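User: Please go through this structure with me as a series of questions. I would like each answer to end on the value or name asked for.

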Amino acid sequence: MNMNTAISCAPTLSPLSTAGAILHVYQDLIELFNTGFSETENTVLVKGNSEPIYIPAKNASDYHQIVFAHGYFASALHEVAHWCIAGKQRRLLEDYGYWYSPDGRDTQQQSEFEKVEVKPQAIEWAFSCAAGKTFAVSTDNLNGAPADTQGFQSAVKQQVLLYLEHGFPPRAAQFISVLQAFYQTGKLHRELFDV
């Protein structure tokens, strides 16, 4: 069973709010990401109609595409987090050349999945806080072996704290700054990740 734990990041009021609530719409993420990275990284964020995927440009006149699922705000943040970690060579491969075992993983497959998901989910958590949005770790295995959600959340938190101490990957740091400016949230600090 997939046990997602919602983690709140105390937002501040955004100029895009109505009645005191921050509006979190995927169109804003697309605009923010594409403004910041389409020219410098030849990469765009795109709403997809099914599963997320990274599609490298087929030729020099195309953009690399980070396709997120169904217009979900959290999916967009998660897929951008994967992109922020992928190195230059990986960004030339579909889905960065990684394997993916779908829902229904056994205990060993789930353990491997969680190992590769710690860093992107840590960055996604930071993005969520920078956007004033609630974050939930995802073990993404509804029909598979039970996951150690608490252990996974702890590993993700430890990674966030390492990033806070030693710095986020450059593209992640840039996007965090963009999100903070747009959503008018404060600087990321350790207490935001205490759960």
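User: How many helices and strands does the protein have, and in what order do the elements run?

Analyst: The model is predicted, and local features are taken where pLDDT is at least 70. The protein has 5 helices and 5 strands. From the N terminus on, the order of these elements is β-α-β-β-β-α-α-β-α-α.

User: Among contacts between residues at least 6 apart in sequence, what percentage join residues at least 24 apart?

Analyst: The protein has 195 residues, of which 45% count as buried. Of the contacts between residues at least 6 apart in sequence, the share that joins residues at least 24 apart is 67%.

User: Which element gives the largest share of the largest nonpolar core?

Analyst: The largest nonpolar core has 43 residues, and those with the most contacts inside it are Leu29, Leu45, Phe127, Phe175 and Leu179. Two or more residues of this core come from each of α1 (26-37), β4 (64-68), α2 (73-85), α3 (107-130), α4 (149-166) and α5 (170-183). With 8 residues, the largest share belongs to α3.

User: Is the pair of Phe182 and Tyr183 stacked or edge-to-face?

Analyst: Phe182 has a relative accessible area of 22% and is partly exposed, whereas Tyr183 is buried at 0%. The ring centres of Phe182 and Tyr183 are 4.9 Å apart. Because their planes stand at 85°, the pair is edge-to-face.

User: Which ring does the charged end of Arg171 sit over?

Analyst: Arg171 is found in helix α5 and counts as buried at 13% relative accessibility. Leaving aside neighbours within four places in sequence, Arg171 is in contact with Phe37, Glu41, Trp83, Cys84, Ala86 and Arg91. Two of these residues, Phe37 and Trp83, are in a cluster that ring pairs build together with Phe33, Phe127 and Phe175. The charged end of Arg171 lies 4.6 Å from the centre of the ring it sits over, that of Trp83.

User: How far apart in space are Arg171 and Phe37, C-alpha to C-alpha?

Analyst: Arg171 and Phe37 are in contact. In sequence, Arg171 and Phe37 are 134 residues apart. Their C-alpha to C-alpha distance in space is 8.9 Å.

User: Is Asn42 buried or partly exposed, and what is its phi?

Analyst: Asn42 lies in the loop between α1 and β2 (43-47). Its relative accessible area is 25%, so Asn42 is partly exposed. Phi of Asn42 is positive in a residue other than glycine, at near 55°.

User: Where does His70 lie?

Analyst: His70 has a positive phi of about 55° although it is not a glycine. The relative accessible area of His70 is 39%, which means partly exposed. Its place is the loop between β4 and α2.

User: How far apart in space are Asp106 and Ala147, C-alpha to C-alpha?

Analyst: Asp106 lies in the loop between α2 and α3 and counts as partly exposed at 41% relative accessibility. Asp106 and Ala147 are 41 residues apart in sequence. Between their C-alpha atoms the distance is 9.7 Å.

User: Which residues lie nearest the centre of the largest pocket?

Analyst: The largest pocket holds about 980 Å³ of space. Elements giving two or more residues to its lining are α2, α3 and β5 (135-136), and the largest share, 7 residues, comes from α3. Of the 33 lining residues, those nearest the centre are Pro52, His78, Glu79, His82 and Glu117.

How values were computed. Residues numbered from 1 in each chain as written. Predicted model: local features only at pLDDT ≥ 70, side-chain atom pairs only at ≥ 80, totals over all residues. Heavy atoms only, no water. Phe/Tyr/Trp six-rings, centres within 6.5 Å; stacked < 30°, edge-to-face > 60°. Buried < 20%, exposed > 50% of the residue type's maximum accessible area, 1.4 Å probe, protein only. Lys NZ or Arg CZ within 6 Å of the ring centre and 35° of its normal. Core = buried A, V, L, I, M, F, W, Y, C linked by side-chain atoms within 4.5 Å. Helix = DSSP H or I, 4+ residues; strand = E, 2+ residues; numbered from the N terminus. 1 Å grid on protein atoms, 1.4 Å probe; cavity = no way out; pocket = protein on both sides within 12 Å on 5 of 7 lines; lining within 4 Å. Points joined across faces, edges and corners; volume = space filled by probe spheres on them. Contact = heavy atoms within 4.5 Å.
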